[in-house]
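Here is a short report on the structure below. It covers helix packing, the chain contact and model confidence.

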Amino acid sequence: MASIPALPRRYHKASVWALYVIGLAPAVWYFYLGLTGGLGFNPVKEFEHQLGIWALRFIIATLAITPLRDLAGINWVRYRRALGLIAFYYVALHFSVYVSLDLRFNFGAVGGDIAKRPYITIGFACLLMLIPLAVTSNNWSIRKLAQGWNRLHRLIYLIAAGGALHYVLAVKSVTLVPFIHIALIALLLVYRSLRRPILNWRRGNNKPAKPVVSQRARQNG
Amino acid sequence: MSAYRPPHIPASEITPRDIYMSRRNFMGAAAVAGLAFAGADTAFAAPLTANPSAYKLDEKLTPKEAVTTYNNFYEFGVNKDDPAANSGDFKPTPWSVKVDGMVGKPKEFGLEELMKMNLEERTYRMRCVEGWSMVIPWIGFPLSAILDQVEPLGSAKYVSFETVVRPEEMPGQKGFFQPLPWPYIEGLRLDEARHPLAILAVGLYGETLPNPNGAPIRLVVPWKYGFKSIKSIVRISLVEKQPETTWKNANAREYGFYSNVNPAVDHPRWSQATEQRIGEGGFFGANRRPTLPFNGYADQVASLYDGLDLKANY
């Protein structure tokens, strides 16, 4: 299996911080465009939608870490926490812009939307489910919760499915861009259900099996 | 974007002598010639003169740039800036509109003839079903003017409309993932179509209609959500039964045949109580304003719906 050159360990930490900077850059960029009139004639909606789409992209990236390691031998598990947290930040920003710039803190309207509009109910539920994941994303929680941490963080599959559904229901018709995002999420979720058979099959085929999943990766995951 | 390509004009289209001898005819022909030029690039619409009318509003006009670059016209793509970006190859001339169905005198109207109708400037509110609105100075004439010419039969109860299908000029109509089936179709009850507020527009802001706004001729029904105001019309048919309409076919629970602007009836996915006026407020000051029943035209049109349950007939 072709592999990309490994990043020297001493750069690992810096690369994670670089990921936070790069990952949040689109939010900063769109905010700047909004301030300077670069988001067209309905800038609030555009900003809100871009934040939502970037949230989905980072959820996709978070889910892609495991198959990347399983199938391509690329171990980027060290970036998964940052990707997941960036996704959470985008979801939180997406909701904040909807409440503040879009609905102007009309909490009656926000509550009405959450109660009455299924796609907003689903989106809001995803935001709520992301909170415990973000709160327990530190090493202390991983140690403290042990197996419970793994079970808790399986919520991301439900959140990913909910996010995709929220997107489908929000657009007037599913065109190419929504389709690509939804298809990627569907693919990544389907992979989870087929992971065991795929891994067993691969182990059976490559007899002197190079352990793709290292002990260290298992601990981090 | 594509380079400028001068449109090929066959000899048959060069204005005959008997037309250009009359000033009024000349003005119409000039507008069409301008459209031929405008067809190469949406930025070049031709000047179009019209009589002033009583249809004015004391609300601020939406800036022309917003009116011509923030559009829903799925034939050119689903994003708001797609119609302005992707309609450069669309040729709104030559053009004709076929009016047929249950009429005494079916007729195909050439664009030249339509541009010679008694054109008026009318400033209307435009409320999109998505919750945003504009104020647009249209140029056009009452739809009833051409309905009268074809003499609808007594059995005609509805009017159906059809947009042009030209995948080679309308990128949204080709490839995978087309958002809607084509042609785009719309409809009105005959009494709605005959209402003096319902117009066929051939221009806005003192110019011929830009491609993103439905060149060369579109419907404007200001008391209904924007998607009822079908663009780039090639056919108008008088029919007996309520015609199918594109968005109702796509999602009948969300988009009804009537689609009158109604702040009291929510879209299943969002409230219709308020609207965002495009081009006002910017990023932080964007203030939603209350949506008015029938988009503020209740005095004129509410009587069309006496006895009709507007919640059930959304």
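## Helix packing in chain A

In this predicted model, the crossing of α8(A) and α9(A) is left-handed. On the α8(A) side, the contact is made by Tyr157(A), Ala160(A), Ala161(A), Ala164(A), Tyr167(A) and Val168(A). α9(A) contributes Pro178(A), His181(A), Ile182(A), Ile185(A), Leu189(A) and Arg192(A). By class, ten of the residues in this contact are nonpolar, one is polar and one is charged.

Two packed helices are described by the angle between their axes and the distance between the axes. Helix α8(A) spans residues 155-170. The angle between α8(A) and α9(A) is about 155°, and their axes are 10 Å apart. Angles over 145 degrees count as roughly antiparallel, so α8(A) and α9(A) are roughly antiparallel to each other.

## Contact between chains A and B

Chain A brings 17 residues into contact with 21 residues of chain B. Four elements of chain A each give two or more residues to this side: α1 (12-35), α2 (43-72), α4 (107-116) and α9 (176-205). The side of chain A that touches chain B has nine nonpolar, six polar and two charged residues.

## Confidence

What are the ipTM and pTM of the model? The ipTM is 0.73 and the pTM is 0.81.

Chain B has a mean pLDDT of 89. Of its residues, 86% reach 70 or more. Residues 38-43 of chain B fall below 50. Beyond near neighbours in sequence, this stretch has 21 contacts in the model. Where pLDDT is low, the predicted coordinates should not be read in detail.

Methods. Residues numbered from 1 in each chain as written. Chains lettered and ligands numbered in written order. Predicted model: local features only at pLDDT ≥ 70, side-chain atom pairs only at ≥ 80, totals over all residues. Contact = placed C-beta atoms within 7 Å. Nonpolar A, V, L, I, M, F, W, Y, C, P; charged D, E, K, R; others polar. pLDDT = per-residue confidence, 0-100. Axes fitted to C-alpha atoms, helices over the stretch in contact; angles between N-to-C directions. Parallel < 35°, antiparallel > 145°, perpendicular 65-115°, else oblique. Left-handed = near helix turned anticlockwise from the far one by under 90°.
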